[in-house]
Amino acid sequence: MTDASARSFNRRQAATALAGAAAGLAAWPALAREAAREAGPGSGPGASPGSGDIVIGQSAHLSGPLAPTLKAVLRGQDMALAEFNRKGGVGGRNVSLVTLDDAYDAQKTVSNVKELLARPDVVALFGLTNTAGIAAALPLVAEKKVPLVGVYSGSPVLRARHNPYFFTTMASYRDEVVQMVRNLVTLHQSEIGLVYQNSPFGQLMAPVVEESCKALGATLVAKVPLEVSGSDAVAAVNVLAAAKPRALIFMSFGPSMVPFVKAARQRIAAPIYCVSIANSRALIEALGDEARGLAIAQIVPYPFRATSALTRNYHAAMASADLPVDYDHFFGYLNFTVLLEGLKRAGKGVTPQKLAASMESMRLLDIGGYTVDYSPENHHGSKFVELVMVAPGGKYLR
């Protein structure tokens, strides 16, 4: 698929999502959130300020082939929320998170967003995961004037145009790609092969990798799509191997990672650099010893040392849940912590408009070891990226 056709495909996907959204509302998922509760009858803009729970809405893939990679992230969100409510919430008001399942389908994402925005008690949206669905939902967010704070997609296309009600909490995939390519050029491994997910996510990111290579003096010697399932992993590796790359960039995530890395280890003697979204504890464990040497872009600080207030609180939460510290849980924990900081600053009588203003006032703010920087002109709070390597036993080296 050409770059032009990829962009066209994405526009068609977004248009289809918007058109199909009116077909029906998604059902509430069966997932019971330990730390979340439905808002009480005193909630909503028509109620007295500061009554009932503060309700946050989310659409995410709780089912489907990509769902396992999100499970720990969602658990991390819940940990941050439970800790925040235990400490008194927002002036004594608890925060509730209502999550609807979209199975990573753009049309379902839009349906869920419409349902959530129709609720008078929803103060903000958070943590949408589907790139095409987010793109289709952004006009709805602006129309309803309800902030969307934090998404699990760093696609640059979502940031191309300023939206007064859209705030990101992490670096973009473009930031990650630039860091990868710059590192490879420094190491004199600038002949790069690209494998990208055969979905709107991958098709939008392939041109970004090409542009970054050109700008930084690297050469893209081959690029090949990869199905979400990884069923064509061997064929993809064969195409890349013929181009003799000195490094590979894996612009995909989910189940395709395991068969691709296994096949690449057999044919291509080159380091593999992965985008942050590909980093999943379950997939690293499934790869076993073949995960060794994978370079992964991380957009959250190193979580394994409790050297900041943020990581100390996170370690305590993981210890309480009897879980080992990892990136997956920390990703959800930190993303939700940024939103909770905005809610706290907006105050007990928080409204969507107050939250948006609160987020814009968070200038160079250190949240216990993670700095965000917003303003009325800049709604993208961080560019933090670092590369880590998978070591023996699935550990990470900086």
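Predicted model: local features only at pLDDT ≥ 70, side-chain atom pairs only at ≥ 80, totals over all residues.
Residues are numbered from 1 along each chain as its sequence is written, and side-chain values use heavy atoms, with hydrogens and water left out.

Let me begin with confidence, which is expressed as pLDDT, the predictor's own score for each residue on a scale from 0 to 100. The chain has a mean pLDDT of 89, and 87% of its residues reach 70 or more. Over residues 1-48, however, the pLDDT is below 50, although this stretch still has 79 contacts in the model beyond near neighbours in sequence, a contact being heavy atoms within 4.5 Å.

Now to the chain as a whole, which contains 12 helices and 14 strands; these are DSSP runs numbered from the N terminus, with helices (H or I) of at least four residues and strands (E) of at least two. Of its 398 residues, 57% count as buried, where buried means under 20% relative accessible area, exposed means over 50%, and partly exposed lies in between, with a 1.4 Å probe and protein chains only. Among contacts with a separation of 6 or more, 70% are accounted for by residues 24 or more positions apart.

Which residues touch the most other members of the largest nonpolar core? Within that core of 127 residues, they are Met251, Met257, Phe260, Leu294 and Leu343, and the helix that gives the most to this core is H11 (residues 327-346), with 10 residues. By a nonpolar core I mean a set of buried Ala, Val, Leu, Ile, Met, Phe, Trp, Tyr and Cys residues joined through side-chain atoms within 4.5 Å. Leaving aside neighbours within four places in sequence, Met257 is in contact with several residues, including Phe250, Cys274, Leu287 and Leu294.

Just after H6, Gly217 takes a positive phi of about 85°.

H3 is mostly covered, since 9 of its 12 residues are buried, among them Ala106, Thr109 and Leu117. The N-terminal end of H3 is capped by Asp105, which has a side-chain oxygen 3.1 Å from the backbone nitrogen of Gln107.

Finally, is His61 buried or exposed? His61 sits in the loop between strand S1 (54-60) and helix H2 (71-86), and it counts as buried because its relative accessibility is 4%. Its side chain makes a polar contact of 3.0 Å with the side chain of Thr129; a polar contact is a pair of N or O atoms within 3.5 Å, where within protein one must be able to donate a hydrogen and the other to accept it, and residues adjacent in sequence count only if both atoms are side-chain atoms. Not counting residues up to four places away in sequence, the residues that His61 touches include Leu66, Asp101, Tyr104 and Thr129.
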